[in-house]
Amino acid sequence: MSTIITIKKIAELANVSPGTVDRIIHNRGQVTQDNVDKVNAIIEKFGYKRNILASNLALNKKFHFAVFLPKYENIEYWKSQITGIEKAAVEFGKFGVVLDYFFYDFNAVSFKKEIEKVLDFECDGLLFAPIFYEESVQFLNEYQKKNIPIVMIDSNIGTNIEHAYIGQDAFQSGYLAGRLISFAVKNERQILIFKITREIESTSVYLQRIDGFYSFFKDNEELTNFKFSEITIKDSGIDQLNLEMFSGINSVFVPNSRAYIVARFLEQNHIKGVRIIGYDLLKDNIEYLNKGIIDFLINQRPEEQGYMGINHLYKKTVLQETVENTHYIPLEIILKENYFPVKLR
């Protein structure tokens, strides 16, 4: 038997005061065992779930979530993550959610320095982007002692520590990129995996994409006409691009958001007929997508990741709901034809 029942109604049925029912539900104060048994029997029969949100608002309770991310100035992808996070902050702020930000530069020294601040900060939940693999594992091993919810976005690192993840399945996104490159290819194709990294080693998600890319071709053994090569350069060394790198190349896979760097070089040197696949709807990527130089972009929907990360912490901590620990963002393939509506003439 299930119906909406209030503390007042339970009190009437048990022939006790509403205050007694409240003390039993919240396990505080002196109450006779007889009254405890009567109230619990009624709760079990009719079902009762206290309004957690109303209770928090009545107590003016605050929930502090730590947001531990890379610095986002001049980086469109992380700006989008922050946009989603701030949207959630406005929406859930009225229910007591407060965000405290901790940002690190793209180097291990800055990351480790910020770790100390995050470890010392007392909060109710953590939103975290584990860019540095080894350092992130060490950090999480220490942070788990706090016994509070942890949500990872962008990258999901393998660990036994309980956490939630919101983002793409990196392996599958690389697998998808391999399938896209294989379409409508009959003759031999030379594929270049062009790795353009910042001043850090490749991240876990980056390597998973490459692994997924190769796995597609391993799983489709009939595709014997593909040959692979790899080039790695640092962001600061993009002036090292040269014509020889692209000699005989038919397709380029850029496993991060820097496909526009390759596209720009090809355009400047009047190299045509090279298929490019990359990630993220950055302004520069969209420019070359619309020009037809980049063929496909796999969109990670970073704004949605940021929003859903805070939403997860809100549901788990504030509402005390059971929430799925893994939410994969759908793999979204963007071409110039579906980024902007085709104009009919």
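Which residues does Phe 139 touch, leaving out those up to four places away in sequence? I list Phe 68, Ile 115, Val 118, Leu 119, Leu 126 and Phe 128, with contact taken as heavy atoms within 4.5 Å.

A note on the source: this is a predicted model, in which local features need pLDDT of at least 70 and side-chain atom pairs count only at pLDDT 80 or more, while totals for chains, interfaces and linings use all residues. Residues are numbered from 1 along each chain as its sequence is written, and side-chain values use heavy atoms, with hydrogens and water left out.

**Cores.** I took a nonpolar core as a set of buried Ala, Val, Leu, Ile, Met, Phe, Trp, Tyr and Cys residues joined through side-chain atoms within 4.5 Å. Buried is under 20% relative accessible area, exposed over 50%, and partly exposed in between (1.4 Å probe, protein chains only). The largest core holds 51 residues, and those with the most contacts inside it are Phe 68, Leu 126, Phe 139, Tyr 143 and Ile 310. A second, separate core has 28 residues, including Phe 194, Ala 259, Ile 294 and Leu 297.

**Helix α10.** Helices (H or I, at least four residues) and strands (E, at least two) are DSSP runs numbered from the N terminus. I find 7 of the 10 residues of α10 (259-268) buried, so this helix is largely enclosed by the rest of the structure. The buried ones are Ala 259, Tyr 260, Ile 261, Val 262, Ala 263, Phe 265 and Leu 266. Their cover includes β6 (189-197), β8 (251-253), β9 (275-279) and α11 (283-290).

**Positive phi.** I looked up two residues. His 270, in the loop between α10 and β9, has phi near 55° without being a glycine; His 270 is exposed at 69% relative accessibility. Asp 154, also not a glycine, has phi of about 75°. Asp 154 sits in the loop between β4 (150-153) and β5 (164-167) and is buried at 6%.

**Salt bridges.** My rule was a side-chain nitrogen of Lys or Arg within 4 Å of a carboxyl oxygen of Asp or Glu. That gives 10 salt bridges. Arg 264 pairs with Asp 284 at 3.7 Å, N to O. Arg 264 is in α10 and Asp 284 in α11, so the pair ties together parts 20 residues apart in sequence. Arg 264 is partly exposed at 29%, and Asp 284 is partly exposed at 24%. Arg 301 and Glu 304 meet at 2.6 Å. Glu 267, Glu 287 and Lys 291 form a salt-bridge network.
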